[in-house]
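Q: Could you take a close look at one part of this model for me, the place where the two chains meet? I'd like the cut-offs spelled out as you go.

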Amino acid sequence: MAVVIRECSYILVHVPDFVRYGSKPARDIPINGGPGGALERRIYEHVRSYDEAVAYPPNQVYIGNMHPDDLHTTPQPWFEHPVAGAKRHGKFGEILPEEEWYGWLKIADDFNLVWLTPAFIAQIRDVVSGHPFLEEEDIGKLGNGVAINKIRDKIERDDALPLYYDGSLVGSIRRDHEVDDTLKAQVLMENLMAKASGALAMHHLFNRAGIEPQQVDFILSCSEEAVGDRYNRGGGSLSKAIGEMCRCVNATGHDIKAFCAAPIHAIMDAASLVQAGVFERVVVVGGGCLAKIGMKYVGHLKHDMPVLEDVLAGFAFLLTPDDGVSPIVRLDSIGKHDVGAGSSQQEIMTSLIVKPLERIGVKMMAIDKYATELHNPEVTLPAGSGNTPLTNYKIMGALAALRGEIGRDQIDTFVRERGMPGFSPTQGHIPAAVPFLGHALEAMQQGRMQNTMFVAKGSLFLGRMSQLSDGLSFLLERNPRRNG
Amino acid sequence: MDPESQAQIKRIADDFGSDNIMVVLGASDIEGAEIAAETLTVGDPSFAGPLAGVSLGLPVYHILEPEVKESVPEEIYEQEVGIVSMIVDTEEVSRAFRKIRETNK
């Protein structure tokens with residue numbers, strides 16, 4: 001029996017007032033004038049409006065209104081070339097405005113961590129209620145709010161963090177333990193944002209797939225947040241929390257941790273569970289990462305450009321037994337980076353691409369597209385972090401040349417035809433090849449493409465437990481039963 | 001160059017002395033490598049990290065420069081760097097790094 005990826009969803013949440021709480025700005029602001037000081041003011045002079053974020057070409061690619069290859073012909077810088085008539089909703093999901101996001105955050109909050117003022121709740125109630133995925137029971141969780149003087153007091157006396165909308169104080173998020181660093185306000189805010197954005201992505205998935213939440217059997221979250229308390233930092237689960245928020249009453253789940261490669265690990269695990277007959281419908285979900293908001297702001301300010309890392313991103317995928325229509329996950333094609341494989345770029349790519357393809361007897365040039373880390377280069381280049389997808393595609397092209405499948409002079413053609421420009425928000429696990437999955441599913445369903453190889457790497461060494469890197473890959477193929 | 005790397009290199013320079021170490025960079029984008037080289041010679045240009053205002057004056061080379069290539073066993077070089085040297089203009093790298101060392105002397 002084959003396993004298919006039946007449906008996908010992609011969402012962005014515009015969070016300009018949370019840029020101050022990205023890890024990098026949150027470390028830099030206190031030593032550069034503090035809240036309201038010089039650095040925070042400078043950052044906020046460079047933050048984009050919601051309409052600007054919606055019209056940003058890479059964001060339109062992410063939610064499916066443009067194809068990644070369209071960016072080849074979109075003049076750069078992309079932030080100076082907004083998409084005319086850009087829409088909030090795309091084929092794969094939506095870009096949620098911050099005003100509505102506060103409603104999602106409060107609805108996700110089961111411990112009364114987030115306090116919003118009565119006036120702000122009154123302001124957002126109608127727009128939040130208008131969202132098609134939220135029901136009366138959800139809206140009830142908004143409550144009636146907490147008086148502003150009580151919120152101010154909580155911030156001043158009890159280490160709660162202020163929450164802003166359009167620069168004005170509208171609420172706070174509190175810590176939930178006196179001294180436990182894993183339950184301080186900043187960490188709880190990061191976890192809650194991953195939960196709520198994962199839930200938004202999962203709702204879109206059910207809507208697109210036309211299934212009811214109660215039909216889901218198992219959930220794998222590949223979000224990066226380390227949920228837990230002082231005794232089990234990172235030991236907890238976002239999967240079930242997201243499933244609860246989406247009313248998956250017949251599902252449970254667990255979290256998959258593998259740094260930036262986690263989505264590929266999760267898809268492999270989900271496909272294996274379906275193939276083994278353990279579960280019939282498995283959802284892979286990734287929520288957004290607050291810590292990486294504004295991560296490259298220094299480079300952006302230096303070049304006097306907008307702080308482009310102002311959106312949380314999320315996605316969700318539904319894996320099921322072969323439906324005769326949807327693209328197939330080739331479980332015999334898994335490429336893995338073994339402990340003894342060596343950590344040079346060449347060795348990693350050989351492990352992830354050449355070896356698995358050789359094993360199943362497929363040439364590199366028989367793959368229509370390669371999806372790799374799809375970091376938006378417009379975010380990374382000004383910070384001196386290079387163009388990740390382009391470097392990866394060049395190495396893949398060089399590998400094809402080394403194997404004699406193409407001439408050395410054809411590497412650039414390989415890069416253009418079988419690669420794509422980076423378009424993903426730089427949210428760790430989010431750019432890990434899977435932002436192209438929606439486009440691949442669509443092209444294979446329409447017969448425009450036969451296959452795509454998804455390749456992602458993870459920086460295992462960041463945790464200081466090993467100097468190793470990590471990586472995983474799989475091949476997605478058009479369903480051979482599709483046209484009879 | 002991120003603050004953690006800056007701090008680590010500063011620590012090494014403090015422990016062993018700037019005269020006793022050299023830096024070999026591996027970034028395949030020249031602009032990024034140039035920023036790193038500037039940081040390790042005249043100081044952090046963004047004034048954000050531990051090397052802000054600290055001029056270590058370290059000699060900075062790139063792994064793709066011929067001087068470095070010659071000092072690495074051929075087999076290991078091919079295995080670790082061979083494929084990158086196929087996709088990067090190594091002459092341009094050499095030119096850029098010679099200029100960096102001249103400028104920051």
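A: Let's start with the salt bridge, which here is a side-chain nitrogen of Lys or Arg within 4 Å of a carboxyl oxygen of Asp or Glu. By that rule, the interface of chain B and chain A has 1 salt bridge: Glu4(B) pairs with Arg27(A), with the closest N and O atoms 4.0 Å apart. Bear in mind that this is a predicted model, where local features need pLDDT of at least 70 and side-chain atom pairs count only at pLDDT 80 or more, while totals for chains, interfaces and linings use all residues. Side-chain values use heavy atoms, leaving out hydrogens and water.

On the side of chain B that touches chain A, the elements giving two or more residues are helix 1 (3-16), helix 2 (30-41) and helix 4 (74-87) of chain B; helices are DSSP runs of H or I with at least four residues, numbered from the N terminus. Helix 4 of chain B gives the most, with 7 residues.

Counting contacts (heavy atoms within 4.5 Å), 14 residues of chain B meet 18 residues of chain A. About 1500 Å² is buried between chain B and chain A, and carbon and sulfur atoms give 61% of that. Buried area is the accessible area (1.4 Å probe) that two parts lose on being put together, summed over both. Ile83(B), Met86(B) and Ile87(B) supply 43% of what chain B buries against chain A, more than any other three residues.

Methods
Residues numbered from 1 in each chain as written. Chains lettered and ligands numbered in written order.
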